[in-house]
Amino acid sequence: MSLLSSLPELEKYLRDGGSGHGRRLGLRYLENGPDWVELALPYSPDQIGDPESGVIASGPILSMMDMATSLSVWLKLGGFRSHATLDLRVDYLRPATPGKTVIGRGECYRITRSIAFVRGQAHDGNPEDPLAHVAGTFMALEGYQ
Amino acid sequence: MRLPPYAELLGLAVDPEDEAMLIMPFGDAVLGRPGFLHGGAISGLMEVAAIVALRHALADEGGGRIKPINVTVDFMRGGRDKPTYGKGIVTRLGTRVANVEASAWQDDPARPIAAARMNYLIARHD
């Protein structure tokens, strides 16, 4: 199932999301299911957080996971709703490998009247060897249902 | 203190009057939904501010390498079209682990737009 064909409203978002911070980071859409999305963050020297090792900063990974989990909520809902991240926790399991694209998968596993619960993982080639794990919540000011 | 390339991507500058405070100008590179800062950019500002605070604290004790273990971010208000300030506070500097808090605000430090808590692993130079 293509994200764009399954949710036409998201096409506009992705075009807008293809601007601003997401575009500056070079984020790309990879694939999706009914309640999950995978995005890609290509390696870029201007995202380095530790010049000694060439490892990218943790911030771009958090940004990608925020966007992937946000998109996963709209997929599970089957439509766009205006919402905001309430909180996001990221565990950095290991440094990203310099030179490798980081892939982030966001999943929405529960939606209540006003809160969506999300989780996700990031890896750089082998999903069995994740580099980050996230958990968070979103809130829809006008409700999800 | 030199900031990493990622700080430049966010447009961060050190406040000339407070070397522990960072300023992030509003602009396309940090934009989320139209008119508002991206939550990831606000988090990025706080993560860099936390590392700046930790590096200052570590420098007094001979320095060391810093590895992020985790971060928890609370988003409290939307970030508008104006400069955002970020500052970290080291709440505990242990031998191997540091606990750091950071916040981001625009008009009033008492009305943060976001706050974060981080744990860092430290490999001391000695």
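User: Where is L141(A) found?

Analyst: L141(A) is found in the segment after β8 (132-139) of chain A, where a strand is a DSSP run of E with at least two residues and a helix a run of H or I with at least four, both numbered from the N terminus. This is a predicted model, in which local features need pLDDT of at least 70 and side-chain atom pairs count only at pLDDT 80 or more, while totals for chains, interfaces and linings use all residues. Residues are numbered from 1 along each chain as its sequence is written, and chains are lettered from A and ligands numbered from 1 in the order in which they are written.

User: Why does L141(A) count as exposed?

Analyst: A residue is exposed if 12 or fewer other C-beta atoms, placed from the backbone, lie within 10 Å of its own, buried if there are 20 or more, and partly exposed in between. L141(A) has 9 such neighbours inside 10 Å, and therefore it counts as exposed.

User: What makes V71(B) buried?

Analyst: V71(B), whose place is in strand β3 of chain B, has 25 other C-beta atoms within 10 Å, and so it is buried. Leaving aside residues up to four places away in sequence, V71(B) touches S58(A), V90(A), E47(B), A116(B) and M118(B), where a contact asks that two C-beta atoms, placed from the backbone, lie within 7 Å.

User: Why is α2(B) called largely enclosed by the rest of the structure?

Analyst: Of the 21 residues of α2(B), 17 are buried, and therefore the helix is largely enclosed by the rest of the structure. α2(B) lies across β5 of chain A together with β2 (18-24), β3, β4, β5 and β6 (114-124) of chain B, and runs at about 45 degrees to β4(B); such angles, from 0 to 180 degrees, are taken between the N-to-C directions of axes fitted to C-alpha atoms, for helices over the stretch in contact.

User: What length is expected of α2(B)?

Analyst: The expected span is 1.5 Å times one less than the number of residues, and α2(B), with 21 residues, reaches 30 Å from its first C-alpha to its last, close to the 30 Å expected.

User: Why does the radius of gyration of chain B agree with a compact globule?

Analyst: The radius is taken over C-alpha atoms, and the globule rule is 2.2 Å times the number of residues to the power 0.38. For 126 residues a compact globule would have a radius near 14 Å, and chain B has 14 Å, so the two agree. Of the 126 residues of chain B, 43% count as buried.

User: Which strand of chain A is joined to β3(B), and by how many bridges?

Analyst: Strand β5 (residues 84-92) of chain A is joined to β3(B) by five bridges, and the two run antiparallel, whereas pairing asks for at least two DSSP bridges. One place to look is D87(A), which stands opposite D74(B).

User: Which are the edge strands of the open sheet of 12 strands?

Analyst: The sheet runs in the order β1(A)-β2(A)-β6(A)-β7(A)-β8(A)-β5(A)-β3(B)-β6(B)-β5(B)-β4(B)-β2(B)-β1(B), with antiparallel pairing. Its edge strands are β1 (28-32) of chain A and β1 (13-15) of chain B, each of which pairs on one side only.

User: How many residues does each chain bring to the contact?

Analyst: The contact takes 26 residues from chain B and 26 residues from chain A. On the side of chain B that touches chain A, β3(B) gives the most, with eight residues.
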